[in-house]
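Here is a structure to look at with some care, together with a few questions about the terms used to describe it.

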Amino acid sequence: MTTELKELFENNLRWARDTETRSPGFFTGLLKQQAPQYLWIGCADSRVPANDLVGLLPGELFVHRNVANVVVHSDLNCLSVIQYATDMLKVKHIIIVGHSGCGGVAAALHDTRIGLADNWIRHVQDVRNRHQAWLEMVDEEQRVNALCELNVVEQALNACQTTIVQDAWQRKQELVVHGWVYGLHNGQLQDLRMTVASAEDTMTAYEDAINLIRVRYTPDLVPSEVD
Ligand code: CO
């Protein structure tokens with residue numbers, strides 16, 4: 001048994017050489033600066049490789065990933081990433097990306113105990129609880145994906161409400177927050193229309209995005225049937 005993960009180093013060497021052959025000077029160019037336009041906040045799931053699925057190279061996407069793509073107001077890790085990306089790198093877009101069939105979201109929906117992560121997933125349970133009445137009207141087999149999408153919109157709202165994003169908008173910095181979901185079954189991204197470019201637009205965008213999810217999953221429901 002080998003313990004050195006030789007294959008990964010071989011893959012890396014091949015990738016580095018191929019990249020340099022395709023565009024000579026690629027790595028030395030990156031030494032000078034990184035100037036990404038986008039901050040991606042996604043799930044840690046191995047099936048959702050951020051750069052690959054939007055076709056971006058090293059240097060083009062600033063990335064933060066955690067279980068179930070959660071943005072928590074007291075999470076120094078995520079907040080530090082948002083702050084650095086916004087204030088120093090001046091990214092123009094912050095994109096919260098969930099994905100269908102998310103294990104963290106499923107655990108939150110079904111109260112499945114995982115371990116330490118239960119405390120983290122608790123934030124997704126807050127989302128579930130907020131939308132409990134509606135979620136119960138969604139077909140059971142679609143409920144996880146519905147909560148995945150609600151979670152994206154709620155976490156994007158959290159991102160909008162951070163002091164970092166609020167301050168950026170206050171000083172008229174160009175910055176748009178987005179909510180997207182990735183389909184594990186077809187490899188495609190879907191825009192959930194939680195697209196916010198200013199503090200004033202936040203709640204309207206949030207309500208519209210939530211309504212779009214509701215219309216998609218429960219088209220026969222009259223709005224007044226849900227609180
Ligand atoms: Co996930």
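Q: In this predicted model, what makes up the aromatic cluster?
A: Trp15, Phe26 and Phe27 form one aromatic cluster, and a search of the whole structure finds four aromatic pairs.

Q: Why is the pair of Trp15 and Phe27 called edge-to-face?
A: The ring centres of Trp15 and Phe27 lie 5.6 Å apart, and a pair needs centres within 6.5 Å; the planes stand at 70°, and because planes over 60 degrees apart count as edge-to-face, the name applies to this pair. With Trp15 in helix H1 (residues 6–22) and Phe27 in helix H2 (residues 26–32), the pair ties together parts that are 12 residues apart in sequence.

Q: What makes Phe26 count as buried?
A: Phe26 has a relative accessibility of 15%, and buried means under 20%; Trp15 at 39% and Phe27 at 30% fall between that limit and the 50% above which a residue is exposed, so Trp15 counts as partly exposed, and Phe27 is partly exposed too.

Q: Why are H6 and H8 described as roughly perpendicular?
A: Helix H6 (residues 117–130) and helix H8 (residues 143–160) pack at an angle of about 105°, and because angles from 65 to 115 degrees count as roughly perpendicular, the description holds for H6 and H8.

How values were computed:
Residues are numbered from 1 along each chain as its sequence is written. This is a predicted model: local features need pLDDT of at least 70, side-chain atom pairs count only at pLDDT 80 or more; totals for chains, interfaces and linings use all residues. Side-chain values use heavy atoms; hydrogens and water are left out. Rings of Phe, Tyr and Trp (its six-membered ring) pair if their centres lie within 6.5 Å; planes under 30 degrees apart count as stacked, over 60 as edge-to-face and the rest as tilted. Helices (H or I, at least four residues) and strands (E, at least two) are DSSP runs, numbered from the N terminus. Buried means under 20% relative accessible area, exposed over 50%, partly exposed in between (1.4 Å probe, protein chains only). Axes are lines fitted to C-alpha atoms, for helices over the stretch in contact, and angles run from 0 to 180 degrees between N-to-C directions. Angles under 35 degrees count as roughly parallel, over 145 as roughly antiparallel, 65 to 115 as roughly perpendicular and the rest as oblique.
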